[in-house]
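Visitor: Can you walk me through this one? I'd like the overall picture, then the sheet.

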Amino acid sequence: MRNKGFTLIELLVAILIFSTVAVAIYSTFSTGLIAWKKGEESGRLYQEARLALNKMALELRNAFPHSNIRFIGKANELYFPTLLPSPEENGQLQPSRVTYYYLDDNRSLQRQEESLRMVLSGEIGEAKELASSVRELNFSYGYEYYEGE
């Protein structure tokens, strides 16, 4: 007469198979979660960079020549006069100096703005970080020269 049940060998084989399947499922989910987190971080950084560059492009489109605010361009710094909304929120645009520069210490793109009054009085505006984790930032410049007609 044979006893009903499993032998020790059968139990060990079943546990081994179950463990192998569980480890495979866990590693698949773990790898997927890591990839998802990296994708989210990468997407956030690209979004941050795109918004910063769009802001810079808008302000550069509003740039104009001004006798008290010079355009200064360096390899990783850019100063220019542009029109910005007045802090009094009356809808008026006022001449201002905007500065974009790269901070090597914390690898970030910084933006600083000063109104014409601040520029004339020598005040310095507060810098704000526009984008973080910036590996490199280089500006290049071109100009047109017109000979007198």
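Visitor: What am I looking at, and what are the ground rules?

Guide: This is a predicted model, where local features need pLDDT of at least 70, side-chain atom pairs count only at pLDDT 80 or more, and totals for chains, interfaces and linings use all residues. Residues are numbered from 1 along each chain as its sequence is written, and side-chain values use heavy atoms, with hydrogens and water left out.

Visitor: What is the radius of gyration of the chain?

Guide: The chain has 30 Å, whereas a compact globule of 149 residues would be near 15 Å. The radius is taken over C-alpha atoms, and the globule rule is 2.2 Å times the number of residues to the power 0.38. Along the principal axes, the C-alpha atoms fill a box of roughly 115 × 40 × 25 Å.

Visitor: And how much of the chain is buried?

Guide: Buried residues are 22% of the 149. Buried means under 20% relative accessible area, exposed over 50%, partly exposed in between (1.4 Å probe, protein chains only). The chain exposes about 11900 Å², with 58% of that from carbon and sulfur atoms. Those areas come from the Shrake-Rupley method with a 1.4 Å probe, and for residues only the protein chains shown count as cover.

Visitor: Switching to secondary structure. What's the order of elements?

Guide: From the N terminus it reads α-β-β-β-β-α-β. That comes to two helices and five strands. Both are DSSP runs numbered from the N terminus: helices are H or I with at least four residues, strands are E with at least two.

Visitor: How do the strands line up in the sheet?

Guide: They form an open sheet in the order β1-β2-β3-β4-β5, with antiparallel pairing. β1 and β5 (127-131) are at the edges with a single partner strand each, so one side of each has no neighbour in the sheet. Two strands pair if DSSP finds at least two bridges between them.

Visitor: Is β4 mostly covered or mostly open?

Guide: Mostly covered: seven of its eight residues are buried. Arg111 lies in this strand, residues 108-115.

Visitor: Why does Arg111 count as buried?

Guide: Because its relative accessibility is 9%.

Visitor: What sits around Arg111?

Guide: Tyr100 stands opposite Arg111, and Lys128 in β5 is its other listed bridge partner. Beyond neighbours within four places in sequence, contacts of Arg111 include Lys55, Glu59, Leu84 and Glu126. Contact means heavy atoms within 4.5 Å.
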